[in-house]
Amino acid sequence: MTNSAESLQTVDTQATVASLLVGRTDDDQVGVLFEDDDYAWSEVVALSAARASLLAELLDASRPPHVGVLLENVPEYLWWLGGAALAGATIVGGNPTRRGAELARDLAHTDCQFVVVDSAYRDLLPHDLDLPVVDLDSPEYATALARHQGALVPGQLPDQDARFLLMFTSGSTSAPKAVSASTGRVAMAGQRVAVGYGVYRTDVCYLQMPLFHGNALLACWAGALAVGATIVLRRRFSASGFIEDVRRYGCTYFTYVGRTISYVLSQPPRSFDRDHSLRWGFGTEASAADRDRFEARFGCRLVEGYGSSESAIVIKRTPETRAGALGLPDTRDMNNIAVASPETGHECERAEFDNTGRLTNPTEAIGELVNKAGGGGFTGYYNNPEATAARLRDGWYWSGDLAFRDADGFFWFAGRTDDWIRVDSENLGAEPIAAVLARWEAVAAAAVYGVPDPVTGDQVMVAFEMVDGVEFDAAAFAHFLAAQADLGKKWAPTFVRIVEAMPVTANNKLNKQDLRRDAFMCTDPVWWTPGRDLHYRRLTAEERAS
């Protein structure tokens, strides 16, 4: 493996995570860098084999071989991933933003036999947890692991369909659901990242997103494993530490999700911002403005894609993709990915724009993003037939995301299905509105959502996180709105809430659940305009109560 080609030319459709890992048995290139430690790929295989042997001792063969892992991005997380891949076990990544009873529910729901923790997150577990705990900092763990040092790779490896991961959805719109991913699917995803986007053996891949999430696992860890690239582990994402880490380790590639790019850009510019080896970054949900600002500041391009933990729909930006659009599906899915009405099941009309770029037929064009060929590698949510049935209906996969498609076939994101806003009998998507409002230079982030209208339908509300040191100026905001030629006639927000920090999930995705629930009944300052004249004023306690 040491002298293998720098790039992966084709995808091995028979590969598994275990087979990719075993292929690195004699590979002496550095596979993992963590703080001051480094591990060759051959060491990664040996350390994984020891955990596989330990798993064979700990797991009850009469029950699902599911193991909860509640760790930061530390090397042990990778050794347990590798061990599970070799042993045919399933890793259930715990989300540290869910704690106590919620965390216990996640572990019980996924039938974990035990949970792996260390000192960083041990206290997040409820004291009355009815589940064995493997504490990596305990003498008992050190003693148990010592019995398995030097263990060989199992003689028989799991087949492609063996469940390897249970990945929880972000929970930004409902209770998290556990997506099942086979070892073959994860291996395929890693190879496709390497072949399709260009991850090479010579790359140094910066893994800053949490390892319980698909972005880190599929687009970074699995991609690096597929070609034998080097992985740089960061315990937790740090906006202030981003460029220092990149420079220290010589990173060439990184992945991101949600507001990650915005947080990095919020750091003060430094003289060495362009003195690095980064080639590119891959991720989702960075705004077009943030992508442009990032490239201008750091000289590094960002490649956006649309995907989810279910991986049933993948859309990639192309050089021809218009600013603000998601892009096009892979050619093999071109005729299957569509936008359809959840009510009728029929495909929606293509989007029409006026000469300002404003969407003129949102009610007819916005619908749910679907795959007419079904779920592909998505086989359902673990132990949740109701949620699975909602996704897989009448032979189609319904993503739960709103979108529209233009005359040239490019897809545009319009929000989650919870982001429907119905104003004066017209269906609006939250994301096109947010894209316009986020242009205001005074704001660092914007979240748009609907709140009930006292008569019928909804009113548009926005939460703003202001740029540091900037106060909300109602007159300046109204002036900004009036200057946006592509702002739909019913898009201007009735309510404006100012938050200190935007609520996000553990992987930096915007979380609107609390914002919707609170509406304008919150302790944050709220401005509103009673009519359509855009004269915003502070919402008083009396008005709030009425």
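Student: Which residues do ring pairs link into a cluster?

Tutor: In this predicted model, ring pairs join Trp440, Phe464, Phe472, Phe477, Phe480, Trp527 and Tyr536 into a cluster. Residues are numbered from 1 along each chain as its sequence is written, and side-chain values use heavy atoms, with hydrogens and water left out. Because the model is predicted, local features need pLDDT of at least 70 and side-chain atom pairs count only at pLDDT 80 or more, whereas totals for chains, interfaces and linings use all residues.

Student: Are Phe242 and Phe254 buried or exposed?

Tutor: Phe242 and Phe254 are both buried, where buried means under 20% relative accessible area, exposed over 50% and partly exposed in between (1.4 Å probe, protein chains only). Another pair, Phe404 and Trp412, has ring centres 5.7 Å apart and planes at 10 degrees, so this pair is stacked; Phe404 and Trp412 are likewise buried.

Student: What does strand S12 look like in these terms?

Tutor: Strand S12 (residues 280–284) is mostly covered, since 5 of its 5 residues are buried. Trp280, Phe282 and Thr284 point one way from S12, while Gly281 and Gly283 point the other way. S12 pairs with S11 in the parallel sense over 5 bridges (two strands pair if DSSP finds at least two bridges between them), and Phe282 in S12 is the bridge partner of Thr255.

Student: Which strands form the open sheet with 6 strands, and in what order?

Tutor: The order is S6-S5-S3-S4-S7-S8, with mixed pairing. Strand S6 (133–135) and strand S8 (178–182) stand at the edges with a single partner strand each, so one side of each has no neighbour in the sheet. Within this sheet, strand S3 (residues 66–70) and strand S4 (residues 90–93) pair in the parallel sense over 4 bridges, and Val67 stands opposite Ile91 in S4.

Student: How is the packing of H2 and H5 read?

Tutor: Two packed helices are described by the angle between their axes and the distance between the axes. The axes of helix H2 (residues 41–58) and helix H5 (residues 139–146) come within 9 Å and cross at roughly 100 degrees. These axes are lines fitted to C-alpha atoms, for helices over the stretch in contact, and angles run from 0 to 180 degrees between N-to-C directions. H2 and H5 are therefore roughly perpendicular to each other (65 to 115 degrees, with under 35 roughly parallel, over 145 roughly antiparallel and the rest oblique). The contact (heavy atoms within 4.5 Å) is made by Ala50, Arg51 and Leu54 of H2 and by Tyr141, Ala144 and Leu145 of H5.

Definitions and conventions
Helix = DSSP H or I, 4+ residues; strand = E, 2+ residues; numbered from the N terminus. Phe/Tyr/Trp six-rings, centres within 6.5 Å; stacked < 30°, edge-to-face > 60°.
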